[in-house]
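Here are a few exercises to work through with the model in view. Try each task yourself before you read its solution.

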Amino acid sequence: MALSYESDTKLPIKHSYDGDYSNALAELRSGINQIDEQLINLIADRFIKISEVGDLKAIFHLPVEDLQREHLVLERALTHAKKNGLSEFLTRDLMNVLMKHSKAAQAKRIKGL
């Protein structure tokens, strides 16, 4: 799909800016802020589940680290990211950070039970 460009700005014509780029920028940033809030809420929800997993691991004396599960989580994320045109490197970094903190949260939970 070829993009059309505004001749005086070299910006792609994707939105109706009506020449008011500061207002358009503020609207776009507001949308980004909303997405960031949604991401944080989803991560918080994920960590609620992580705590529950930690509880079960403690009850059944299972280790925190499960490399097979980590591999499956990462592969699933990479597949989903690819379908959405996201960078493999970004996806790996994000999932590795989430899994690192998830394991730490589980270990802390198990230690506290």
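**Exercise 1.** How many residues does helix 1 have, and how far does helix 1 reach from its first C-alpha to its last?

*Solution.* A word on the ground rules: this is a predicted model, where local features need pLDDT of at least 70 and side-chain atom pairs count only at pLDDT 80 or more, while totals for chains, interfaces and linings use all residues. Residues are numbered from 1 along each chain as its sequence is written, and side-chain values use heavy atoms, with hydrogens and water left out.

Step 1: find residues 21–59, which make up helix 1, with 39 residues. Helices here are DSSP runs (H or I, at least four residues; strands are E, at least two), numbered from the N terminus.
Step 2: go from the first C-alpha to the last, and you get 57 Å.
Step 3: check that against the expected span, which is 1.5 Å times one less than the number of residues. The reach is close to the expected 57 Å.

**Exercise 2.** Find out which residues of helix 1 are buried.

*Solution.* Step 1: apply the cut-off: buried means under 20% relative accessible area, exposed over 50%, partly exposed in between (1.4 Å probe, protein chains only).
Step 1: ask what covers them; helix 3 is included.
Step 2: zoom out to the chain, where 18% of the 113 residues count as buried.

**Exercise 3.** Work out which residues form the largest nonpolar core.

*Solution.* Step 1: recall that such a core is a set of buried Ala, Val, Leu, Ile, Met, Phe, Trp, Tyr and Cys residues joined through side-chain atoms within 4.5 Å.
Step 1: collect its 7 members: Val 73, Leu 74, Ala 77, Leu 78, Met 95, Leu 98 and Met 99.
Step 2: Helix 2 (67–83) and helix 3 (88–112) each supply at least two, and helix 2 has the largest share, 4 residues.

**Exercise 4.** Describe how helix 2 and helix 3 pack.

*Solution.* Step 1: take the axes (lines fitted to C-alpha atoms over the stretch in contact, with angles from 0 to 180 degrees between N-to-C directions). They lie 10 Å apart, at an angle of about 145°.
Step 1: sort the contact residues by class, giving 7 nonpolar, 1 polar and 4 charged. Contact means heavy atoms within 4.5 Å; Ala, Val, Leu, Ile, Met, Phe, Trp, Tyr, Cys and Pro count as nonpolar, Asp, Glu, Lys and Arg as charged, and the others, Gly among them, as polar.
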